[in-house]
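Subject: The structure we talked about

Hello,

Here is the structure I promised to pass on. Have a look at it first, and then read on for what turned up in it.

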Amino acid sequence: MSEHEDAIPDSDEEWRERLTEEEYKILRERGTEPKFSGEYLDVDEEGEFTCAGCGTELFSTDQQFDSGHGWPSFFDVVEEGNVETKLDTSHGMRRTEVVCATCGGHLGHVFDDGPDPTGKRYCINSAALDFEGDE
């Protein structure tokens, strides 16, 4: 669990104090990091990925795969209900946005071109995540 999980900021100012500039841009302004630049694109140890904004468990290395698209990719979430999806029509496209169900932070998008067993590819920004290795 993250040190942030117990208190979700009430204001934009509090979010800016809590998050780095890059985390804020992605989680609160729906930004994205450049392809192949993310810290969690290749993780060699087992563990869980949590929301960088609030600490909610989101994904596991057991669900991670190399999609070749340039962002960490997962075929499922750790627990149903920890993420929510929304229609995103920005940039002239129709995509499905993935957000943290706890704090509403933008995580990335989900596509229907992933591997079995779900067929999903959760394409997630590293800067929206923290990693806790199993030890």
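Arginine 16 and aspartate 12 form a salt bridge, with their closest N and O atoms 3.1 Å apart. Here a salt bridge means that a side-chain nitrogen of Lys or Arg lies within 4 Å of a carboxyl oxygen of Asp or Glu. Both residues sit in helix H1 (residues 12-18), and because they are 4 residues apart there, about one helical turn separates them. Helices (H or I, at least four residues) and strands (E, at least two) are DSSP runs, numbered from the N terminus.

Before going further, please keep in mind that this is a predicted model: local features need pLDDT of at least 70, side-chain atom pairs count only at pLDDT 80 or more, and totals for chains, interfaces and linings use all residues. Residues are numbered from 1 along each chain as its sequence is written, and side-chain values use heavy atoms, with hydrogens and water left out.

How accessible are the two partners? Arginine 16 counts as partly exposed at 48% relative accessibility, and aspartate 12 is also partly exposed, at 39%. The cut-offs are under 20% relative accessible area for buried and over 50% for exposed, with partly exposed in between (1.4 Å probe, protein chains only).

Leaving aside neighbours within four places in sequence, arginine 16 is in contact (heavy atoms within 4.5 Å) with Tyr24 and Glu29. With the side chain of tyrosine 24, the arginine 16 side chain makes a polar contact at 3.4 Å. A polar contact is a pair of N or O atoms within 3.5 Å; within protein, one must be able to donate a hydrogen and the other to accept it, and residues adjacent in sequence count only if both atoms are side-chain atoms. Arginine 28 is 12 residues from arginine 16 in sequence, and their C-alpha atoms are 9.2 Å apart in space.

How many salt bridges are there by this rule? The count comes to 7. One of them joins aspartate 112 to lysine 120, with the closest N and O atoms 2.5 Å apart. Aspartate 112 is exposed at 66% relative accessibility, while lysine 120 is partly exposed at 31%.

Another salt bridge links the side chains of aspartate 113 and arginine 121 at 2.8 Å, N to O. Is arginine 121 buried or exposed? Arginine 121 is buried, at 6% relative accessibility, whereas aspartate 113 is partly exposed at 45%. Elsewhere, salt bridges that share partners join Arg30, Asp88, Arg95 and Glu97 into one network.

Arginine 121 also leads us to the strands. In E8, arginine 121 is the bridge partner of phenylalanine 111. Strand E7 (residues 106-111) and strand E8 (residues 121-124) pair in the antiparallel sense over 4 bridges; two strands pair if DSSP finds at least two bridges between them. These strands belong to an open sheet of 6 strands, in the order E3-E4-E8-E7-E6-E5, with antiparallel pairing. Its edge strands are E3 (64-65) and E5 (83-88), each of which pairs on one side only.

Happy browsing, and do write back with any questions.

Best wishes
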